[in-house]
Amino acid sequence: WHPTTAVRRREGIYCPWWLRASVVHNRNARASLAAEGRNEMPIRKVEIERLSMASSKSFESGAAALKAAVGRLDMVKFTKAPKEARTFAELEKIIRQDIGKTGLMLFLEFDHGAVLRKESGLDAPKVVHLVIGNPLPVKEMASHFPDGGSYAPATVLVDERQDGVHLSYDRMASFLAPYSNAGALAVARNLDLKIEALIRELTA
């Protein structure tokens with residue numbers, strides 16, 4: 001497996017005429033709001049750090065190895081747990097039952113490739129989007145500031161390309177950096193270390 005360097009999502013994208021018209025309309029709408037003395041919706045810009053590692057192994061073995069390394073969250077049990085647990089200690093015990101050896105668990109799996117292949121009738125592409133994390137660090141991030149809960153759990157994309165299978169991950173700390181909250185950033189960096197270590201182990 002050959003790691004590529006971490007890249008940033010700042011790619012140039014073609015903008016069709018209808019989207020350009022929408023942008024102009026929105027700009028004019030903001031100007032109108034300002035003229036009327038009304039505040040527009042605040043927008044925070046976030047620069048994302050993306051780690052992507054390539055492999056010569058098969059898509060199936062790469063995806064299976066990643067899922068085998070993490071626990072799998074029982075969504076039915078987890079949905080009921082906050083109501084049924086009498087204390088946080090009881091809730092934490094329920095959560096830890098589903099955590100894998102890596103301290104992570106699989107929340108959801110989206111097989112984007114299956115939809116694309118159904119449309120095309122071909123055997124490719126193969127793309128799976130895995131939602132991975134741990135409810136306990138998510139709780140910690142949200143406890144430091146509310147917006148911290150917007151970015152977790154994390155996602156790992158496994159997709160097959162011409163140069164091999166890629167495992168890609170957007171660093172949680174890069175999402176939270178603009179907020180300058182030291183406590184939340186510490187939690188995010190710890191989560192990043194766990195997920196990146198897992199990806200590097202699988203691609204070694």
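P153 lies in the loop between helix α6 (135–144) and strand β7, where helices (H or I, at least four residues) and strands (E, at least two) are DSSP runs numbered from the N terminus. A cis peptide bond, with omega of about 0 degrees, joins A152 and P153 in this predicted model. Most residues other than glycine have a negative phi, and most peptide bonds are trans. With regard to phi, S180 has a positive value of about 55 degrees although it is not a glycine. The place of S180 is in the loop between α7 (172–176) and α8 (182–202), and its relative accessible area of 61% makes S180 exposed, given that buried means under 20% relative accessible area, exposed over 50%, and partly exposed in between (1.4 Å probe, protein chains only).

Residues are numbered from 1 along each chain as its sequence is written, and side-chain values use heavy atoms, with hydrogens and water left out. Because the model is predicted, local features need pLDDT of at least 70 and side-chain atom pairs count only at pLDDT 80 or more, whereas totals for chains, interfaces and linings use all residues. The protein chain averages a pLDDT of 82, and 81% of the residues score at least 70, pLDDT being the predictor's confidence in each residue, from 0 to 100. Over residues 1–13, pLDDT stays under 50, and for these residues the model has 29 contacts beyond four places in sequence, a contact meaning heavy atoms within 4.5 Å. Where pLDDT is low, the predicted coordinates should not be read in detail.

The protein chain contains 8 helices and 8 strands, and 37% of its 204 residues count as buried. Of the contacts between residues at least 6 apart in sequence, 72% join residues at least 24 apart. The chain exposes about 12,700 Å², of which carbon and sulfur atoms supply 56%; accessible areas come from the Shrake-Rupley method with a 1.4 Å probe, and for residues only the protein chains shown count as cover.

Strand β6 (residues 127–133) is largely enclosed by the rest of the structure, because 6 of its 7 residues are buried. This strand pairs with β5 (residues 105–110) in the antiparallel sense, through 5 bridges, where two strands are said to pair if DSSP finds at least two bridges between them. Strand β7 in turn pairs with β8 (residues 164–170) over 6 bridges in the antiparallel sense, and a hairpin joins β7 to β8 through 2 residues.

Within strand β7, L157 is partly exposed, with a relative accessible area of 21%. Residues up to four places away in sequence not being counted, L157 touches R50, V127, V128, H129, H166, L167 and S168. One of these, S168 in β8, stands opposite L157; another, V127, is 30 residues from L157 in sequence, with the two C-alpha atoms 7.3 Å apart in space.

On the surface, M75, L108 and F110 form a nonpolar patch with about 240 Å² of accessible area together. Patches are made of residues with over 30% relative accessible area and no salt bridge, like charges being joined within 9 Å and nonpolar side chains (Val, Leu, Ile, Met, Phe, Trp, Tyr) within 5 Å; a salt bridge is a side-chain nitrogen of Lys or Arg within 4 Å of a carboxyl oxygen of Asp or Glu. F110, which lies in strand β5, is partly exposed at a relative accessible area of 37%. P82, found in helix α3 (residues 75–84), likewise counts as partly exposed, at 48% relative accessibility. The C-alpha atom of P82 is separated by 9.6 Å from that of I94, the two residues being 12 apart along the chain.
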